[in-house]
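Please look through the structure shown here before reading on.

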There are 2 protein chains.
Amino acid sequence: MARARRVGEFELIARYFAPLARDFEGAGGLQSDNAFLPADARRDLVVKTDTIVAGVHFLADDLPGRIAAKALRVCLSDLAAGGATPFIYQLSLALPSTWEEAWVAAFAKGLAADQRRFGIVLCGGDTVVTPGPLTITITAFGRVGRGEGVTRAGARAGDEVWVSGTIGDGALGLLAAQGALPVLTARQRAFLETRYRLPQPRCILGPLLPGVVTAMADVSDGLLADAGHIADASRLAVSVERDDVPLSPAARAAVAANPGLWANVLGGGDDYELVMAVPVRRREALQAAARRAGIRITCIGRFARGTGVAVTSCGRIVEAPRKGYVHF
Amino acid sequence: MARARRVGEFELIARYFAPLARDFEGAGGLQSDNAFLPADARRDLVVKTDTIVAGVHFLADDLPGRIAAKALRVCLSDLAAGGATPFIYQLSLALPSTWEEAWVAAFAKGLAADQRRFGIVLCGGDTVVTPGPLTITITAFGRVGRGEGVTRAGARAGDEVWVSGTIGDGALGLLAAQGALPVLTARQRAFLETRYRLPQPRCILGPLLPGVVTAMADVSDGLLADAGHIADASRLAVSVERDDVPLSPAARAAVAANPGLWANVLGGGDDYELVMAVPVRRREALQAAARRAGIRITCIGRFARGTGVAVTSCGRIVEAPRKGYVHF
């Protein structure tokens, strides 16, 4: 029997939830991941909620400390994309009925380590038991200078597309964790798997970028999807030159052995790098910020008038799935 | 096989999560439900997260609009207990894989109605699909005058215990919804069931009480449990005169037919009334606030030096389960 077509997450949000946010300007029509509100005379609060479910967003058998880190870091990555420095967070933990105290202890230890690493502190939350899988919701608060928060909506035609770090490791890491990619060395697979299991949000670089970038997102849904979100929110088109997309040695080896994996690299998610819209005149400021943060950055394309996402290779348009990895 | 004894929610929080909140003063050591942080020169933000799971915290077959209202109102009840006026909220919706668009539409309609009723606006969130039951997490933000937020920790020996509305309807309403309480009329059962399914958070009364009460909580875990939380956080004992606890006519009929139900009335949760510590000299200010809010209030006991929760009837100590309804 055919299943009735259902709307996707973005359509669901636009249709049913964006109208509920109409009367709060800092919600930006739910077009960006973050909400913005005044914190004090000098600063704004940036707020982001993410839910991760065992078996959907992370591997249920992963170590509790790494699950804790992933839950926190996927939010911190959004705060970084908003230009914000981590501040405090609320934690909701829905534990499966088989929960054990040792698991909670290790989970809390993982949170403690990341609190020190990222300078963030727990400020409240809720703990419940569920008949379903482990489900973690974190609402993270960051701080940014008053009015300096970065959204997806400010890109201008002619701005360049830049990304931090390397792209595709997250999606390939999930494959590696599932036992795929036998063509790689064990070391390469381990590298990719760690990139999937333990995101490295760009919390140093992001807060250096207000005034430098015109729009920013983190690469969580997939490079083309997230670049496309910036283009949509900014009412522009975007083109990405595939040959310029920075790959790790492991990812390069994987796509060399199987070029079909380009779809995973460009369309998969979970990289938690930053994708930025940068005016040409700000290129040097961007490079200075990246040096200061010790993060590699790469120019991979350009925003232009129009709509949609195009991918080129050696300047020619190639097929590429814009759609990101859909957890939903 | 005997199941290993496990710690309860409060012990779990004290042992593993309170240490994570040590460096943020506004978390109050996680002893209160709310977190407090500066919003602007004149006001503080009050933040509260609650998660509700189908089949655990609400009946899975309930109407989507009522589920939406319950998810929001359990948070608003905590904000009211903090003395705060509703402001904005983040919503995380983990939908079971069988979700239907019509359900989401009705859920959003319920949120819209409550947004108008309580003056709160959606500001962001997340939507995911789960193999488990419907799980809703709301992080609600309220506002209160700078430094005026009310916690559980300020009660003084000699303060009176006051409650709003009537107590026990929530726990009896759950029984009624499950087909129990045949001794009641259909109308009485319907009244109690509605009290369970659709909390009425005291969002008008709560914000009138900073400067009047010394400590406050909402009755979500159960009257004795929540009065006990205030006593613990304030390092005091509390005694409650059972005969003074205000009951609705339906609840009065239920306990008259079966005095064993006093355990549900005093120990059950989900009333979402306010329990307050009030100095005798502020009694008139309290009564003026209650009149202004149009809410009945009743004095039911007193805080004193010492520890623990005592229940009296005609002045004699009676057995009563302090432990609230444990969802956990």
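This is a predicted model: local features need pLDDT of at least 70, side-chain atom pairs count only at pLDDT 80 or more; totals for chains, interfaces and linings use all residues.

**Two copies and how they meet**

When rings are paired by the distance between their centres, which must lie within 6.5 Å, the count over all chains comes to five aromatic pairs. In one of these, the rings of A:Phe24 and B:Phe87 have centres 5.8 Å apart and planes at 90 degrees, and because planes over 60 degrees apart count as edge-to-face, this pair is edge-to-face. A:Phe24 belongs to the loop between α1 (9-17) and β1 (35-38) of chain A, while B:Phe87 belongs to strand β3 (residues 85-96) of chain B, so the pair joins two chains. Both A:Phe24 and B:Phe87 are buried.

Another pair is formed by A:Phe141 and B:Phe141, whose ring centres are 5.6 Å apart and whose planes stand at 50 degrees, so that the pair is tilted. This pair also crosses between chains, since A:Phe141 lies in strand β5 (residues 135-145) of chain A and B:Phe141 in strand β5 (residues 135-145) of chain B. Here, too, both A:Phe141 and B:Phe141 are buried.

Charged side chains are also placed over aromatic rings. B:Arg143 lies over the face of B:Phe87, at 3.7 Å from the ring centre, and in chain A the face of A:Tyr196 has A:Lys70 over it, at 3.9 Å from the ring centre.

**Enclosed elements of chain A**

Turning to chain A by itself, which of its elements are enclosed by the rest of the structure? One is strand β4 (residues 121-130), where nine of the 10 residues are buried, so that the strand is largely enclosed by the rest of the structure. Strand β3 (residues 85-96) of chain A is joined to β4(A) by nine bridges, and the two strands run parallel; within this pairing, A:Pro96 has A:Thr130 as its bridge partner in β4(A).

Among the buried residues of α6(A) are A:Leu223, A:Leu224, A:Asp226, A:His229 and A:Ile230. After α6(A) comes A:Arg235, whose phi is positive, near 55 degrees.

Other residues of chain A are exposed. A:Arg292, found in helix α9 (residues 283-293) of chain A, is exposed with a relative accessible area of 68%. Its C-alpha atom and that of A:Leu208 are separated by 8.8 Å, although A:Arg292 and A:Leu208 are 84 residues apart along the chain.

A:Pro182, in the loop between α4 (169-177) and α5 (186-197) of chain A, counts as exposed at 70% relative accessibility. The C-alpha atoms of A:Pro182 and A:Ala254 are separated by 9.4 Å, and these residues are 72 apart along the chain.

Notes. Residues are numbered from 1 along each chain as its sequence is written. Chains are lettered from A and ligands numbered from 1 in the order in which they are written. Side-chain values use heavy atoms; hydrogens and water are left out. Rings of Phe, Tyr and Trp (its six-membered ring) pair if their centres lie within 6.5 Å; planes under 30 degrees apart count as stacked, over 60 as edge-to-face and the rest as tilted. Helices (H or I, at least four residues) and strands (E, at least two) are DSSP runs, numbered from the N terminus. Buried means under 20% relative accessible area, exposed over 50%, partly exposed in between (1.4 Å probe, protein chains only). A charge sits over a ring if NZ of Lys or CZ of Arg is within 6 Å of the ring centre and within 35 degrees of the ring normal. Two strands pair if DSSP finds at least two bridges between them.
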